[in-house]
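Biologist: I would like to go through this model feature by feature. Please give the general idea each time, then the case at hand.

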Amino acid sequence: MGLKRFIISRIITMFVVLFVVAVINFIIFQVLPFTVLGIDPKTWFVPAGGTRSDVYLDKIRQEVIHNLGLDLPLQERFFQYIYAMFTFNFGYNVGGALDGPVADTILRFAPYTILLLGASTVASFIISIYLGIFSAHKRGKTFDKVSLITLLFFYAMPSFWIGSLLLLFFAFGLKWSPPNAESYFSGLTGLDFVYALLKAFLLPFFSLTLISVGGFYLIMRSSAIDIITEDYILMARAKGLKTRKILFKHVQKNSILPILTVFAISLGFVLSGAIITETIFGWPGLGYWSFVAIDTLDFPFEQAFFFIISLMVLVANFIADILYGIVDPRVRTSW
Amino acid sequence: MSTRILDVENLRMYYKTKEGYVKAVDNVSFKIEKGDFLGIAGESASGKTSLAMTILKLLPPNAEIKSGRILIDGIDITNMKESELRDIRWTKISLVPQGSMNALNPVFTIGGQIVEGIVEHKIMSKKDAWKRAEELLELVGIDKARVKSYPHELSGGMKQRVAIAMALSNNPDVVLLDEPTTALDVIVQANIMNLLRDLQAKLKMTMILITHDLSIIADLCNKVIIYYAGKIAEMGDSLSVYTKPLHPYTQGLLASFPNIRAKRQKLSYIPGTPPNLVNPPKGCRFHPRCPFAFERCRIEEPQLREIEPGHFVACHLY
Amino acid sequence: MSETIVSCKGLKKYFPLRRGFLSTLFSRENLYVRAVDGVDLEVRKNEIMGLIGESGCGKTTLGKTIVRLLDPTEGSILFKGEDISKLPQNKLIKYRTKIQFIFQDPYESVNPRYTIFDIVSEGLRINKLASKEDIENRVYTALKDVRLEPPESFYDLYPHEVSGGQRQRVAIARALVLNPEFIVADEPVSMLDVSIRAEVLNVMLDLKDKYGISFLFISHDLATAKHICDRIAVMYLGKIVEIASSEELVDKPLHPYTQALIAAIPVPDPRAPKVTVKAKGEIPSAINPPKGCRFHPRCPFAFERCRIEEPQLREIEPGHFVACHLY
Amino acid sequence: MTGLGIIIFFSLLAIFAPYITWNDPNTTFVANPWAVPEWATVFPPYQGLPPNLELTSSNIATWNNQIASHSLVTTSIGTDQIPNSLVSISRYSSDQVSDKYLEINASLPATIFPQSVVILNSSTTFNYNYKPPYNFYFGVFVFPVKVVNVTDFYFQFMLKNPSGKVYKLTNYLIMATSPQETISYNNGLSLNKWDAVALNTILPDVNVAALGPSGAGIPNTGLIYLNETGQYTFTLQLVAVTSFNPGFLSVKISNPYFFVLGRAYGLMGTDFEGKDLWSQFVYGSRISMEVGILAGVLSVLLGAFLGLFAGFFEGILSEVTMRITDIILVIPFLPLAIVFVTVITQNGFLAQSIYFWIIILFAVLSWPGVTRVIRSQVLSLKQRGYIEAARVLGARNMYILRRHLLPNVMGLVYANLALSVPGFILTEAALDFLFPGVSETPTWGRMLSMAYEHAASATYYGYGWWWFIFPGIAIVILSLSFVMLGYALDEIFNPRLRGR
C-alpha cells in the first residue's frame with residue numbers, strides 16, 4: 001500500500017476514534033451528571049477557596065455554566081463541545097485549585113509528567129529488555145527463577161503501595177527525599193530549583209519504574225523464550241556466534257516487537273499509574289492535577305485531560321506501528 | 001587415498017524427560033571420508049535430527065551425551081566447552097537446518113546474516129565478507145543484487161539456497177543438511193537437489209543429508225545409513241543398500257516407497273508403528289514389526305556387522 | 001464408459017483479499033485470490049480420481065468447494081445430475097451423507113475430547129440416521145472396514161492414544177459410517193510416515209472395491225497417485241491443465257508442466273536417471289495470474305500465442321485431455 | 001496449585017470474617033494506638049512490649065481485704081477505734097453483676113467533733129515484667145445499698161512500685177457530698193444499682209498524635225507509673241465520712257480491675273486509633289474478593305459471549321463489536337473510574353451501593369480484552385479440521401457451537417477469568433486508596449490509604465510497618481495467585497501451549 005497511504009489511513013482512523021472518545025467524554029462530563037443524574041450545575045460547582053465573595057462565586061458559576069454550554073439545549077451544546085475539543089479550546093479552570101485557561105494549565109504541568117513518564121519508561125524498557133532476554137536464556141535456572149519471582153511481585157504490587165513504602169522509607173525514614181515534591185521545589189529558581197527538582201524526582205521515578213518494569217519484563221521474557229526456540233537462533237549458534245551476540249542482536253531485535261505494541265496499548269494504564277504516583281509524591285504533573293481537579297470538580301480541566309490521554313494513546317499506537325515497521329521489514333510490505 | 005573427516009564412535013545421546021530417558025541416539029558409530037555424500041534416512045521421530053544435532057553439539061539443555069566420541073577432522077569435540085565449539089562451528093562443520101524457511105532471521109538482510117558468520121571467525125574483513133556473500137549467492141544461483149534483501153522478499157526455494165550459501169561461507173569440512181527440501185514443491189526440490197549435486201562435484205564437499213525420503217538419497221548420495229528407533233539398522237554404499245537391502249526394515253521401507261517409474265501396483269507397508277524411544281522393545285527394536293522375527297530377535301540386540309565389504313547391517317538373519 | 005457421479009463445470013472460487021476497512025473504502029477495484037478459476041472435472045462412479053498440484057495451486061480449495069465446505073463463486077457442481085452448487089445450507093443436508101471429506105491432518109481433524117466411538121458415530125447422531133443399537137452396529141462395521149480390529153477395543157480410546165495412521169483411518173470410518181457415494185480425500189497420507197501410508201491407501205482401495213465409493217484423491221505426490229488412482233487431473237494455478245488415466249499421464253505426459261513435474265520426482269533407485277528441472281522459476285501468485293497460458297512464464301516451449309490466448313482443455317487422444325497450445 | 005490454595009484461604013477469610021475476628025473493625029482503642037502485632041515482640045526492638053493485660057484478679061474475694069479493719073474515728077482529741085463490732089465486711093457470692101463481691105456495713109456513731117471516717121483498703125499485688133505501657137486504666141464496680149448521713153464518700157487508687165514508691169493514681173474521687181439520709185450520687189452512681197467506677201489515665205479522645213514518647217503535652221502516665229519491672233501493689237481505698245449525726249453505710253464492691261492497653265496486640269496490631277487491623281484486614285478481604293470476582297465474572301461472561309459470537313459469525317455485527325473494542329481499549333481506565341466514582345458519590349442514593357456501580361463499570365470497561373482473546377481462539381478453532389469435519393457430516397451452526405466450540409473455549413474462559421481478577425482487585429484498591437471516605441467498609445485499599453495519610457506520625461512507631469505491609473502483601477499475593485491460577489489454566493486448556 002505504501003507508507004504514505006498507510007499513514008493517511010491511520011490518521012483518518014485516529015480521527016474517527018478520537019471523535020468517539022469525545023462523544024464518550026461528553027456523556028461522562030455533561031450528560032451523565034446533569035442530564036441523567038439530575039445534578040444542578042449551580043450547586044455542583046463550588047469553588048474550593050472559601051474566602052471568595054458570593055459575587056465572585058456567582059460569576060464563576062455563570063462562567064462555568066456558559067463555558068460548558070449548560071444553558072444550551074443538549075444538541076447545540078454537543079456541537080459546540082466537539083468543535084471546542086478539536087480546536088484544543090478547552091475553556092477555563094473552575095474549582096479554585098487552578099486558574100486560567102485549561103490549555104495553559106495543561107501546558108504548564110505537562111513537562112513534569114513528560115519528564116517523569118519518559119524517564120521511567122526508558123529505564124523500565126532497558127531493564128526489562130536485558131533482564132527478560134537473559135532470563136529467557138537462563139530459563140529454569142536460578143537467575144531466571146529469582147528475577148521472575150521478584151518481577152512478578154513488582155508486577156502485582158499496587159502502585160500506591162510501592163509509592164507509600166518508598167515514601168515511608170526514604171522520605172520519612174532516611175530523609176533522603178522530600179515527602180512532598182511540589183512544596184519542596186516551588187519558589188526556588190536557577191540551579192537550586194534543578195537540584196531540588198532532581199532530588200524530589202527520584203522517588204516518583206523509582207516508583208513508576210518499578211510499577212512498569214514487571215509487565216514489560218514478563219512480555220519480554222515470554223517473547224524471548226519463543227524467539228530462542230526459532231530455527232534462526234539455532235542457526236546463529238551453528239554459525240559459532242558468541243552468546244552475547246546471539247542474545248542481544250538476534251533475539252533482541254525480534255523479541256522487542258511485542259513490547260512495542262504492548263507499550264502503546266498500555267500507555268493508558270501507565271498514565272493511570274502516573275496519577276497515583278504523582279498524587280502520592282506530590283509531583284505536580286498532569287496526573288496529580290487531574291486528581292486535584294476531580295476533587296474540586298474542575299470538569300473543564302478533566303475533560304481536556306481525558307481527551308489528551310486518548311490522543312496520546314492513539315499517537316503512541318501510531319508511533320509503535322511505524323517503529324514496528326522499522327524493526328521488522330515484513331511489516332513494511334503489508335502497509 | 002581418502003581422509004577421514006568425521007568419526008562417530010559409540011555415540012549415545014538421551015533426552016531427559018518426565019517419562020524417562022528418550023533414547024534418541026543409542027550406540028551409533030559411523031565414519032565418513034572426505035568427499036563423501038552420506039544420506040541418513042529415517043522416519044519421523046526416529047532420532048535422525050537428534051543425531052545431526054549431537055554431531056554439531058547444538059543440543060537443548062535436557063540432552064545428555066551418555067557415551068561415545070565425535071571426531072571432526074581428528075579433533076575430539078565430545079567434551080568441548082561452548083567457547084571452544086564456537087571455533088569449530090561454521091569453519092569445520094556447518095548446518096542447513098530443518099525448515100530453512102525459518103533459518104533466516106526475518107529482521108536482518110540475508111547478506112548481513114552471511115557476513116556475520118564470516119566476520120565472527122575473523123576470516124576476512126567486513127568489506128571482503130560482503131564480497132564473499134555476493135559470490136556465495138551467485139554460487140547458489142541467486143542474483144548478487146539480492147544481497148541486501150530481507151528473507152521475506154525471497155521465495156521458499158531461494159531461502160533454501162541462501163541457507164546453503166550461508167553454510168558454505170567458510171569452506172567447512174562437513175556440511176550437515178537436515179531435511180533441506182521437506183517443505184518445498186517437487187520442482188523446487190529438484191532444483192535444490194541439482195544445486196547440491198553440482199556443489200558437491202564442484203567443491204568436493206563432504207556432505208551429510210538427513211531426510212525421510214529414500215528417493216532423494218538415492219538420487220544424491222553415495223553412502224547411506226538407514227536409521228531406525230535411535231539406531232543404525234543398515235549402512236553402506238547406496239548402490240549396494242538399494243539394490244540388495246539386507247535389513248527387513250530397509251526392505252519394507254523400499255517396498256512402501258512409490259516409484260513413479262515402476263508399473264502400477266498395490267503399495268505395501270510395514271505393519272505396526274515405530275516404537276516409543278523411552279521404552280524401546282527389547283532385543284532388536286524392529287522385531288515387533290518384522291515379518292522374519294524369531295526368538296533371538298526378542299532377546300538379543302543385534303550388532304552392526306559388515307556382511308559384505310562396506311555393507312553393514314544389524315540383523316540376526318545374517 | 002461408466003456413469004459420472006460428480007462433475008463440475010466452470011467452477012470458480014475467489015477469495016476477496018482481506019484489507020483494512022479504509023483501503024476498501026478508497027480503492028474501487030477488488031483484489032481476489034483466484035484459488036479455483038474455471039475448473040471442469042468429472043469423477044466417475046467407482047473410480048479414484050487423482051487431483052495433483054503443487055502447494056497453492058487451489059487443489060484443496062477445489063475439493064472443499066465440491067463438498068460445499070466453501071461456497072463457489074461461479075459455476076456448477078452436479079451430483080448425480082443435480083446441481084448442488086447453489087443449494088442453501090439447510091437443503092444441502094440431504095447430500096451431506098452422500099458426499100464426504102477426509103482431511104489432511106489426522107491430528108486436527110478429530111476432536112481431541114471425543115472418544116473414537118463418539119467421533120465415528122457423530123454423523124449418525126447429527127442426522128438422526130439410526131437407532132442406538134443400529135449406531136453401534138454401523139460403527140462396528142465401519143471400524144472393521146477400515147481395518148481397525150477388533151473394533152470394540154477402539155471404542156473408548158481417545159485420538160491421542162492411537163497412532164497417526166490409525167487416526168486417519170478413524171477419520172475415514174467417520175465418513176464411511178454414513179454410507180457415502182463420493183469421498184474427497186485431501187492429502188490423506190501426507191502427514192504420515194512412508195512406511196504406513198499404504199495401510200491407509202489400501203483401505204481406500206478396499207472401500208472402492210467393496211462399496212463402489214468414488215474418490216477424489218487430492219495430493220501433491222504424483223508417484224503415490226500413479227499407483228492409487230484410475231485417472232489423474234493435474235492442476236496449475238487454479239486451472240486443470242491435463243487429465244488422463246494414471247499410467248498414460250505418467251508415461252506419456254503432454255503438458256509441459258506435467259512433464260516438468262514428472263522429471264523432478266526422484267526415484268528410490270541410485271541407478272535411475274537423476275532428477276531434472278524442466279520449468280523455470282517458481283509458481284506465481286494467484287492474485288495476479290499470468291495472462292494467456294498461466295504456465296507460459298515458466299514453460300520452455302512457450303511461444304507468442306501462449307502469452308495472449310488462454311488454452312482450453314481439449315481431448316487430444318481418447319480420454320487424454322490437455323490445455324496447451326502445442327497440441 | 002499454591003495459587004488456588006491462597007485463593008481458597010482468602011475466600012475462607014472473607015466468608016468466616018465474623019468468626020475469626022475478635023473486634024468490630026471500627027471499634028477504637030481495642031489496644032493502644034500503633035500497637036505492634038503481638039508476635040513481633042520476639043524481635044529485639046519490640047521485645048517486652050506489653051500486650052493487653054488485665055493485671056489484677058477480678059475476684060475481689062481473693063484480694064487482701066483484711067486491711068479493711070483500718071476503720072477509724074477521728075476526734076479532735078485523738079483517734080479512737082470504732083468498736084469492731086460496728087463494722088463488718090462480709091463476702092457473698094452470686095449477684096447479677098458479679099459472683100464475688102464484698103459487702104461493707106458500718107454503723108457510725110454520732111460524734112461531737114467534726115467527722116468520723118471509715119476507710120476500707122483493699123489491695124492486691126501483681127508482677128509487671130514488660131516495658132512500660134503508654135496507657136492503663138482501672139476501676140471497680142460499686143453498689144451503694146444504703147448510705148445515711150455520709151458527707152463524703154469516695155474512692156482512691158494507689159500504686160506502689162517495686163522500689164516502694166507510692167503513687168496516688170487519682171485524687172479523691174468524690175461521689176457525694178450532701179449529708180442527707182438518702183443520697184443521689186453524682187457521676188452516675190446511684191442507690192440500688194451496680195455502677196462502674198471506671199478510670200483511665202488518659203481519656204480516649206485525647207490527641208492521638210501526642211500519645212507517643214516524644215509527643216508533647218499530655219504525659220503518658222504508663223511511662224511514669226509502670227516504668228519498672230517487678231512486684232506492684234495496687235490498692236483500692238474506699239473512704240466514707242460522717243459528721244455529727246450517727247450514720248450508716250452499706251456498700252457492695254466487686255470486679256476491681258487494672259488494665260494495661262497493650263503496645264502489642266493481635267495478629268496485625270492496631271492503627272492510629274487503636275482499631276484492630278486484623279479484623280480490618282479480614283473484613284477488607286471481602287470487598288477485594290467480591291469486587292474482583294464479580295467484576296471478573298461479569299466482564300468475562302460478556303466478553304466471552306461477544307467473542308464467541310464475533311468469531312463464529314463474521315459479519316457487520318461482529319465487525320461493529322470489534323470496532324467497539326478498539327475504542328474502549330483507548331479509554332484510560334483508572335481516570336474514568338475516578339471520575340465515575342466522583343460523579344456517583346455526588347448522588348447520595350447511588351453512593352450507598354458504590355461497589356455495585358464499581359463492579360458494573362469494571363465489567364463494561366474490560367470485556368473487550370476478553371472478547372479479542374476468545375474471538376481469535378474461535379477463529380483458529382474454526383480452521384480446525386474437526387469443525388469443518390462436523391460441517392461435512394451435516395452439523396448446523398448451533399450444534400458446532402455447542403458441541404465443538406464451547407467446550408474448547410471454556411478453558412480459555414476460566415483462564416481469562418482468573419487473569420482478569422487481579423486487575424480488578426488492584427484497581428478497586430487504588431480507588432479505595434484515592435477515595436478512602438467513600439465507604440465505611442474497611443478495605444485493603446482504605447487501610448493503605450489511612451496508613452499513607454498517617455505516614456508522617458508513623459515514623460515514631462516503627463514506621464507503622466504492620467499497617468503498610470499486610471494489606472499490601474495481601475493484595476500482591478491474592479493478585480499473584482489469580483495470575484498463577486490463570487497461567488496454570490491457560491497451560492492446561494490452551495492447545496497452543498500444551499503442544500501435542
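Biologist: How many salt bridges are counted between chain B and chain A?

Modeller: First, the conventions. This is a predicted model, in which local features need pLDDT of at least 70, side-chain atom pairs count only at pLDDT 80 or more, and totals for chains, interfaces and linings use all residues. Residues are numbered from 1 along each chain as its sequence is written, chains are lettered from A and ligands numbered from 1 in the order in which they are written, and side-chain values use heavy atoms, with hydrogens and water left out. A salt bridge is a side-chain nitrogen of Lys or Arg within 4 Å of a carboxyl oxygen of Asp or Glu. Between chain B and chain A the count is 5 salt bridges. In one salt bridge, the side chains of Lys249(A) and Glu116(B) meet at 2.8 Å, N to O.

Biologist: Which ring does Lys249(A) lie over?

Modeller: A charge sits over a ring if NZ of Lys or CZ of Arg is within 6 Å of the ring centre and within 35 degrees of the ring normal. Lys249(A) lies over the face of Phe108(B), 5.2 Å from the ring centre. Within chain B, the charged end of Lys23(B) sits over the ring of Tyr14(B), at 5.9 Å from its centre.

Biologist: What area is buried between chain B and chain A?

Modeller: Buried area is the accessible area (1.4 Å probe) that two parts lose on being put together, summed over both. For chain B and chain A that area is about 2500 Å², and carbon and sulfur atoms give 58% of it. Val107(B), Glu116(B) and Glu120(B) supply 25% of the area that chain B buries against chain A, more than any other three residues.

Biologist: How many residues of chain B are in contact with chain C?

Modeller: Contact means heavy atoms within 4.5 Å. By that rule, 47 residues of chain B meet 46 residues of chain C. The area buried between these chains is about 4100 Å², with 60% from carbon and sulfur atoms. Ile187(B), Ile260(B) and Arg264(B) supply 21% of what chain B buries against chain C, more than any other three residues. The salt bridge count between chain B and chain C is 1. Arg264(B) forms a salt bridge with Asp230(C), the closest N and O atoms being 3.8 Å apart.

Biologist: Which residues touch the most other members of the largest nonpolar core?

Modeller: A nonpolar core is a set of buried Ala, Val, Leu, Ile, Met, Phe, Trp, Tyr and Cys residues joined through side-chain atoms within 4.5 Å. Buried means under 20% relative accessible area, exposed over 50%, and partly exposed in between (1.4 Å probe, protein chains only). The largest core has 200 residues, of which Leu6(B), Phe30(B) and Ile164(B) touch the most other members. A second, separate core of 177 residues includes Tyr217(A), Ile309(A), Ala418(D) and Phe482(D).

Biologist: How many aromatic pairs does the structure hold?

Modeller: Rings of Phe, Tyr and Trp (its six-membered ring) pair if their centres lie within 6.5 Å; planes under 30 degrees apart count as stacked, over 60 as edge-to-face and the rest as tilted. Over all chains there are 68 aromatic pairs. Phe29(A) and Phe306(A) make an edge-to-face pair, with 5.4 Å centre to centre and 85 degrees between the planes. Helices (H or I, at least four residues) and strands (E, at least two) are DSSP runs, numbered from the N terminus. Phe29(A) is in helix H1 of chain A and Phe306(A) in helix H13 (residues 299-327), 277 residues apart. Phe29(A) counts as buried at 1% relative accessibility, and Phe306(A) is buried at 2%.

Biologist: Which residues does a cis peptide bond join?

Modeller: Glu149(C) and Pro150(C), with omega about -5 degrees. Pro150(C) lies in the loop between helix H5 (132-145) and helix H6 (164-176) of chain C.
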